[in-house]
Amino acid sequence: MKYIFFLIFYCTYLFASLSSSALYIDKQQKYIYSANLDAGSISKVELSSGKLIKEIKLGSDIRRIAFNSDETIVLATDYIENKIYILKDEKLKKTIKTFNKPHAVLYNKKNKVFYITIYEDNKLLVLDEKKLQIIQTIQIEQGPRGLAISEDSRLFVTHTFSGKVSIFKIEDKGLISNKNSKIIQLHSTQDIDEKKSQGVPVYLDDIEITPNGKQAWIPHILWNFDHPFQFQSIVFPTVSILDITPNKEKELKEQRKHLFKEINIVDNLNRTRIISNPWDLAFSPNGHKAYVTLAGSEDLLVFDIKRSVQRTNKGRQHRIRKKRVGSGAKAVEIYRHLPGKNPRALILDKSGKYLYIQNAMSLDMTLMNTNGEENFSRVSLNKAVFSKLVKKDPFTKKIREGKTLFHLANSNRYKNNPITGDFWMSCSSCHFEGFNSSNRFLIEYSKVDKFKDAVRGHRNLDGYISKNYIADYIKIVQQTQGGFGVTTGFGLKAEDPYKPSLETKKMLEALQAYILLSENLPFLSTWLKLEDDKKTAHKKEWLNSASCKSCHKEIYYQWANSSHGTTMEHPYYKFHEDFAAKAEGEEFRTFCRGCHMPQLLLTNNAKEYTLKNRMKEKDAQFLVEALKESKSVVEGGTSCFFCHRISKAENAGGNADLQVNLKDRNTYYFEKSSSTLAKWLNEKLININPKIHKQSYTNEQLYSSSLYCATCHNEFAPGTAAKINDNYNEWLNSSFNNPNEPKKNKTCIDCHMNSNIYNFDKKVQGYSTKNGSFKKNIRTHHFTGANYYLAQFRSEEHKNLSIDLLKTATKLELLKEKNILNIRVYNIGAGHRFPGGARREIWLEVTIEDKNKNIVYTNGYLKDNKVPKDAKMFRKVLGLKDGQKAGLHFWRYEKMLEDTRIPADGYKDNFYTLLNELSYPITIKTRLLFRAFSPALTNKVREYFKTEDIPYAEVIEIQNAKKSFEK
């Protein structure tokens, strides 16, 4: 009976399936190919000796490779350059530009097509092998990552941060249909004991189907962000398992492999060995064992599946118990540590005797012996450096060390000053692949009560990494990752942040060098960057906004006199930027400039600048003069060229999380000529062929998206990630965001780029271009907002639009029950909380008259030009961790002291107790008042700029109501 079972078990593993990978072994078992990630190349290595036969340099970040059936064609994805490379007979044949972040690629031998996931733009591509062309593009769930194909032609797609797996039935010719798709949501868990394995499933990078075709295994981690950071309770490694029986696909929740349960290998001191960042997984040929690379702790994890299958036949009582406490395979070995740095992809040869592991940071390959699939067999090291995959590292030694540190959770790699405690987590355990793709999810999954503690990230930083980054990094490592000697039981002394050892200082200098790369945060506290290898551009690379005026005259004047125009060069902004720099260090100016002075920042000027007060300058006349003289200028605010060359919104949570492309645009002759004749010729060339011009300055999908605006109108505190402004998410959760009903749907630009303030459904028609075509829907460039104060100095039209917008936002209703008066203020026009900005003053002024018209009660009347403290105000008050008001130090916000703003589609009740002896009927009169800047702030700005004429902001009535009540 035992042998019959074994034969049946063995035969079930004869089915074939495929998954996306960075490694590939040819059919003849002669060569192994490696996609070398950030080395930007593919290597061909002799399988028997490890000899590097060839390295094919392609681009910047080659993620995955896939071969066709006869192995003459290979596809490679370039994650950074957004390209697919097609090689034929190991020579580049074709390059295809894709959407953002192509990641996995997988070949379907039955239909002779390749599948490619587009991680950032949430797409799945199908490429025909014969035509070498993309024949289908479909929109799928966010963050598609790994791919696998089952024997019965189902395509499995993992989704990195949503914890989902999409399943598509492959149709004729290999095409995919969303109609026949199914989505499995991996379960989240929560336990009162925070140190138990639990959390939200993220980092679903790889998916592997078992050789018998019955299950799919997914290595990933769990984020447990519902409490303050503590490295032993925030991130947990795990493997989730799906039952993929056709039409009955589901997650096997009880079989998830948890640390301390199914993953519980103890050391000599009887302590559970901690591991981190499970990455790739491979099954032995018979499916008896599963091998998992642990990229953080740099280990190899081995599961024994055969033993678990045998044990399931030991009686009903045992099966019932296993269902109760968790069933299936368990970890039987942790090989600690693999010799390479940051082990990721792995693959077994056909015999299952040898395991090849790609090391992402040391750019080499390790060879391991599996030593069979029996219960007590253990893996062993065959050759530490089986092959050097790359001839020359594209990064400097310092940057490579910094990137290695970023991904490192091996506490033994730097024994005297480990960057993590007890192998728990690396920087990349939270900041997946740097600081862009994961940041939004870190904020979203961190559940906080903002009135108690709004911090989602790091605490107790001296200058938000702008004053003394060495000290701040040490604090982050100690408080978040348990590194630099703070974890007890390892005989280390805690590193002093202000007196670090020389080795620690060099480590963190290297880490900083990596973080400042263009792919990460070149300006640290702002997410702004060029879509280029360069950090900055020369000011001559920018076009003067006045150059747009000759063809787009009306649009130019609208922009020039708007809050997006050059008016950022005004005393209020300059005062606050200088205040921030004095408080946190000069480098902190970048936090402000990312949105307010982006061109200044991107032209390599992060230092203090001399104020050129353009608050009252109409039509940006200085730009017109500079254009006449052919002078290059650095524009304040957001210029025409800046906004219309934004190529991507990162969706990282705000703080100018966008990319600007200055290089990839079509130009016309005489574009920057100072000659009048040459400029005339330049305009004529554009008029002759305007299509090229439009393509260079139009990105309709991005520009029509509210995410475009969110890049700056969402804001979080650097380091702590406390949400300062959340306009975009407020809009997302409102009735204004209704794409399924176009008549009800209102995006940011539908309200703020439409001069028909009282009827946004009425489109502005006309001509946006001289001698251009008539348009039924012109997006006006007033950028109408609430700040009428700045608008009034340059344009009466802009001021009136601003005030009108305020008047359409709210509605008042007077209610009374017994002796309680309720003034209900509705938000009917703003798709976010009202008010949406900062430093506004909005309050109710109330007057009550008795039947003899005597004024018996007032509230909200100005006293010495100040709003009285007992007035009903609509505002948010940010607080420091000690409960004091943050005031001008708003980036230090750690708890919300007050938030009386009105949500979109909502209202705010304001109660007043009436005196019992009033003579009825009484008449209630109320006004909703608005002031752009408080006198207190204006006084500070006046004191800072004593020679400037800076008037106080006037009070504007935006609503009023009157009603009489009987007793």
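## An open sheet of four strands

Four strands, in the order β2-β3-β4-β5, make up an open sheet with antiparallel pairing. At its edges are β2 (23-25) and β5 (52-57), each of which pairs on one side only. From one strand to the next, the twist averages 15°. Keep in mind as you look around that this is a predicted model.

Let's zoom in on one pairing. Strand β4 (residues 41-46) is joined to β5 by five bridges, and the two run antiparallel. Across from Ser 43 you will find Glu 55 in β5.

## A hairpin with a covered strand

Next comes strand β6 (residues 62-67), which is mostly covered: six of its six residues are buried. Four bridges connect β6 with strand β7 (residues 73-78), and these two run antiparallel. Which residue in β7 is the bridge partner of Phe 67? The partner is Val 74.

The hairpin of β6 and β7 has five residues between the strands, and Glu 71 in this hairpin takes a positive phi near 60°.

## Aromatic rings together

Now for the rings. The count of aromatic pairs in this model comes to 48. One of them is formed by Phe 161 and Trp 223, a tilted pair with 5.5 Å centre to centre and 40° between the planes. Phe 161 sits in the loop between β15 (154-159) and β16 (164-169), while Trp 223 belongs to strand β20 (residues 215-223), so this pair ties together parts that are 62 residues apart in sequence. Are Phe 161 and Trp 223 buried or exposed? Both Phe 161 and Trp 223 are buried.

Phe 225 and Phe 229 give a stacked pair, with 5.5 Å centre to centre and 20° between the planes. Phe 225 has a relative accessible area of 5%, and because buried means under 20%, Phe 225 counts as buried. These rings belong to one aromatic cluster, whose members include Phe 161, Trp 223, Phe 225 and Phe 229, along with Tyr 203, Trp 279 and Phe 432.

## A nonpolar patch on the surface

Finally, let's visit the surface. Phe 670, Leu 677, Trp 680 and Leu 681 form a nonpolar patch there, and together they have about 410 Å² of accessible area. Phe 670 lies in the loop between β34 (658-660) and α14 (676-688).

Why is Phe 670 called partly exposed? Its relative accessible area is 41%, which falls between the cut-offs of 20% for buried and 50% for exposed.

Technical notes: Residues are numbered from 1 along each chain as its sequence is written. This is a predicted model: local features need pLDDT of at least 70, side-chain atom pairs count only at pLDDT 80 or more; totals for chains, interfaces and linings use all residues. Side-chain values use heavy atoms; hydrogens and water are left out. Patches are made of residues with over 30% relative accessible area and no salt bridge: like charges are joined within 9 Å, nonpolar side chains (Val, Leu, Ile, Met, Phe, Trp, Tyr) within 5 Å. Accessible areas come from the Shrake-Rupley method with a 1.4 Å probe; for residues, only the protein chains shown count as cover. A salt bridge is a side-chain nitrogen of Lys or Arg within 4 Å of a carboxyl oxygen of Asp or Glu. Buried means under 20% relative accessible area, exposed over 50%, partly exposed in between (1.4 Å probe, protein chains only). Two strands pair if DSSP finds at least two bridges between them. Axes are lines fitted to C-alpha atoms, for helices over the stretch in contact, and angles run from 0 to 180 degrees between N-to-C directions. Rings of Phe, Tyr and Trp (its six-membered ring) pair if their centres lie within 6.5 Å; planes under 30 degrees apart count as stacked, over 60 as edge-to-face and the rest as tilted.
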